[in-house]
Amino acid sequence: MSFTKWNFFMTMSGIFAFIFDIGADLWISLKYFQQELYLFGLLTIFFVLVSTLIVQAFSFTWFKDDSDESSYSRLKWILIIHLFQAGTLLRYWYAVKFGYQATHDPSREKRMDTKKKAVEAMTDLSMLRCFKTYLESAPQLILQLYILMEHGQITVIQYASILISVSSISWSTVDYQMSLRKSLPGKKGISVGFPMFSYVFYKLFTLTSWLLSIVFLLTCNVHIFTTLVIMLGIAGFCWASMQHTDFCQNTRMEILYRVVVGIILIFTFFNVKGSRTRIPISVYYCVRVLMTTGILTLCFYLKPAFIFTFIFAVLSIAVVAALGFGILFLIIYYAYFHPSLHFTDQTSEDTVDYPASMGKSRITNFMRP
């Protein structure tokens, strides 16, 4: 495990990004109400509340799992903090605290111990951001794109918000992948440069294409859109259940975890159990190509008003091009840049044998892109 001053700086930046995100959500929902788009304003608030409650539930559960009997009184205060929906800020505090000690402590022995704590704190935050991204940011982005195509009531700032949202969703997924590999002993991280950018572009293009596609479907027919999203979510949940995930110690939280996995799989591929991904990822993106083609065909068949607009022509071309480029970068990444290609100490599966002295971290049971 390693934790550098750059990691400390990024953790500090994450605090400001977290606060900015809260302000942006409030501002956007207020704008919807001012434009008399009350349903969209309520939906925005709904996505924020649901994602926040789920994130707080997982955060407190992890604190509880990591605690022993001697820290019972401390756990009560942690529960109170989470009830006030401030658990994420508490985790940022621990990440900053351990990160500062890891990068500034003069004692090498203490620095190594705090590095491990800092990496674990940073990884927990990355997992929580991953949950928040797909429970809140992705649905909100779909909402904004739908308003753009269907109503045209959108400001220049909201255009910028759409671009930032697409980039942040992609980067959140990449940041999670990098944090995951950093926290797993025996795993080589993603190198900065072509490997990292090929992975970023793979996620960015495939996510952009799919988000635009399902917005097209939403604009064509709300009922078909709802049915597809529910079916994909159920399929993802069933896939996670069939893999017998064991991320949580509590049965109810494990079920919630599988529900969250199902929602994430609606948008992008994740390797739920850390096994070989060649066949699952191939099937996933073959289905993605078929669904994207089917949605565009359905749009031309139903002929809703928006398909005669210039913006639809531009976006439909963008859907096809983005999907093609995304799959191309996916192939490039896994063919040339995946860490397992250049790190012979890894096992044939994407799993980790922990030294007995280290114990086992929850991260070994979590999703892997």
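Ser51 is buried, with a relative accessible area of 0%; here buried means under 20% relative accessible area, exposed over 50% and partly exposed in between, with a 1.4 Å probe and protein chains only. This is a predicted model, in which local features need pLDDT of at least 70 and side-chain atom pairs count only at pLDDT 80 or more, while totals for chains, interfaces and linings use all residues. Residues are numbered from 1 along each chain as its sequence is written, and side-chain values use heavy atoms, with hydrogens and water left out.

Ser51 sits in helix α2 (residues 38–66). Helices (H or I, at least four residues) and strands (E, at least two) are DSSP runs, numbered from the N terminus. A polar atom of the Ser51 side chain lies 3.0 Å from the backbone oxygen of Phe47. That distance falls under the heading of a polar contact, a pair of N or O atoms within 3.5 Å; within protein, one must be able to donate a hydrogen and the other to accept it, and residues adjacent in sequence count only if both atoms are side-chain atoms. Leaving aside residues up to four places away in sequence, Ser51 touches Lys132, Leu135 and Glu136, where contact means heavy atoms within 4.5 Å.

Two of these neighbours lead on to the charged pairs. A salt bridge is a side-chain nitrogen of Lys or Arg within 4 Å of a carboxyl oxygen of Asp or Glu, and by this rule the count comes to 4. Because Lys132 lies in helix α5 (residues 108–150) and Asp21 in helix α1, the pair ties together parts that are 111 residues apart in sequence. Lys132 counts as buried at 18% relative accessibility, whereas Asp21, at 22%, counts as partly exposed. Salt bridges link Asp21, Lys132 and Glu136 in a network.

Helix α5 also takes part in a bridge to helix α4. Arg91 forms a salt bridge with Asp124, with 3.3 Å between the closest N and O atoms. Arg91 lies in helix α4 (residues 87–104) and Asp124 in helix α5, so this pair ties together parts that are 33 residues apart in sequence. Arg91 and Asp124 are both buried.

A further bridge stays inside one helix. Arg258 pairs with Glu254, the closest N and O atoms being 3.7 Å apart. Both residues lie in helix α9 (residues 251–267), 4 residues apart, which is about one turn of the helix. Arg258 is buried at a relative accessible area of 17%, and Glu254 counts as buried at 7%.

Now the chain as a whole. It has 11 helices and 0 strands, and from the N terminus on its elements run α-α-α-α-α-α-α-α-α-α-α. Of its 369 residues, 49% count as buried. Among contacts in the chain with a separation of 6 or more, 75% come from residues 24 or more positions apart. The accessible surface of the chain comes to about 18,700 Å², and 69% of this belongs to carbon and sulfur atoms; accessible areas come from the Shrake-Rupley method with a 1.4 Å probe, and for residues only the protein chains shown count as cover.

Why is helix α7 described as largely enclosed by the rest of the structure? The reason is that 22 of its 27 residues are buried. Helix α7 (residues 194–220) reaches 39 Å from its first C-alpha to its last, close to the 39 Å expected at 1.5 Å a residue; the expected span is 1.5 Å times one less than the number of residues.

On the surface, Trp77, Leu79, Ile80, Leu83 and Phe84 form a nonpolar patch with about 600 Å² of accessible area together. Patches are made of residues with over 30% relative accessible area and no salt bridge, like charges being joined within 9 Å and nonpolar side chains (Val, Leu, Ile, Met, Phe, Trp, Tyr) within 5 Å. Ile80, one of the patch residues, lies in helix α3 (residues 72–83) and is partly exposed at 37%.

Two further pairs bring together separate stretches of sequence. Met12, in helix α1 (residues 5–34), counts as partly exposed at 29% relative accessibility. Met12 and Tyr92 are 80 residues apart in sequence, with 8.1 Å between their C-alpha atoms. Ile230, in helix α8 (residues 222–242), is likewise partly exposed, at 48%.
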